[in-house]
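Keep the viewer open and follow the residues as they come up.

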Amino acid sequence: MSGEEEENAAELKIGDEFLKAKCLMNCEVALILEHKYEQLQQTSDDPMNQVSQVFEKSLQYVKRFSRYKNPDAVRQVRDYWHFGNR
C-alpha cells in the first residue's frame, strides 16, 4: 500500500503486512487469550484490574464459538488445513 493511501478495513484497504497473513480460528484465538489471561493472573495481586472489558468479552466470545476445545485437536485441524488439504 502506498504511503498516500490510508488504511480502511471497511473498504478492504489494509496494510501490506496483512496481504499474506493467515487467519486464526476462534479456538486458536481462545488459546492465545487464555495464555495471556493466565500471565496476567500470575503478575498481579488483583488480575481483574489488568483485564479490560474488551479483552474479557473477546475471550468469552471465542470460547463460546470455538468448535475445538482441546489444544491437540486445534493443532491437528490446523495441520490438516495447512498440509493435508491441498
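Let's start with Glu28: setting aside neighbours within four places in sequence, Glu28 is in contact with Cys23, Val74 and Arg78. One thing to keep in mind throughout is that this is a predicted model. Glu28 sits in helix H1, and Arg78 is found in helix H3, so the pair is a handy way into the fold by the DSSP helix assignment.

Buried or exposed: which is Glu28? Glu28 counts as buried because its relative accessible area is 12%, under the 20% cut-off. Arg78, at 26%, is partly exposed.

How far apart are Arg78 and Glu28 in sequence and in space? They are separated by 50 residues along the chain, while their C-alpha atoms are 9.1 Å apart. The side chains do meet: a polar contact of 2.5 Å joins Arg78 and Glu28. Beyond its neighbours within four places in sequence, Arg78 touches Cys23, Leu24, Met25 and Glu28. Cys23 turns up again here, since it is in the contact list of Glu28 and in that of Arg78 under the 4.5 Å contact rule.

**The wider fold**

Stepping back, the protein has 3 helices and 0 strands, and the elements run α-α-α from the N terminus on. Of its 86 residues, 17% count as buried. Among contacts between residues at least 6 apart in sequence, 52% join residues at least 24 apart.

**H1 against H2**

Two packed helices are described by the angle between their axes and the distance between the axes. Here, the axes of H1 (residues 26-43) and H2 (residues 53-64) come within 8 Å and cross at roughly 140°. That angle is why H1 counts as oblique to H2: the roughly antiparallel class needs an angle over 145 degrees. The crossing of H1 past H2 is left-handed.

Which residues make the contact? From H1 come Asn26, Val29, Ala30, Leu33, Glu34, Lys36 and Tyr37, and they meet Phe55, Ser58, Leu59, Tyr61, Val62 and Lys63 of H2. By type, the residues of this contact split into 8 nonpolar, 2 polar and 3 charged.

Now look at the loop between H2 and helix H3 (71-84), where Ser66 is placed. Ser66 counts as buried because its relative accessibility is 7%. Leaving out neighbours within four places in sequence, Ser66 is in contact with Asn26, Cys27 and Ala30. Asn26 and Ala30 are also among the H1 residues that meet H2.

Polar atoms of the Ser66 side chain also come up against the backbone. The backbone nitrogen of Cys27 is 3.4 Å from one such atom, and the backbone oxygen of Val62 is 2.2 Å from one. Val62 is itself one of the H2 residues in the contact with H1.

Here are the polar distances side by side:

| Pair | Atoms | Distance |
|---|---|---|
| Arg78 and Glu28 | side chain to side chain | 2.5 Å |
| Ser66 and Cys27 | side chain to backbone nitrogen | 3.4 Å |
| Ser66 and Val62 | side chain to backbone oxygen | 2.2 Å |

Methods
Residues numbered from 1 in each chain as written. Predicted model: local features only at pLDDT ≥ 70, side-chain atom pairs only at ≥ 80, totals over all residues. Heavy atoms only, no water. Axes fitted to C-alpha atoms, helices over the stretch in contact; angles between N-to-C directions. Helix = DSSP H or I, 4+ residues; strand = E, 2+ residues; numbered from the N terminus. Parallel < 35°, antiparallel > 145°, perpendicular 65-115°, else oblique. Left-handed = near helix turned anticlockwise from the far one by under 90°. Nonpolar A, V, L, I, M, F, W, Y, C, P; charged D, E, K, R; others polar. Buried < 20%, exposed > 50% of the residue type's maximum accessible area, 1.4 Å probe, protein only. Polar contact = N/O pair within 3.5 Å; in protein donor to acceptor, adjacent residues only side chain to side chain.
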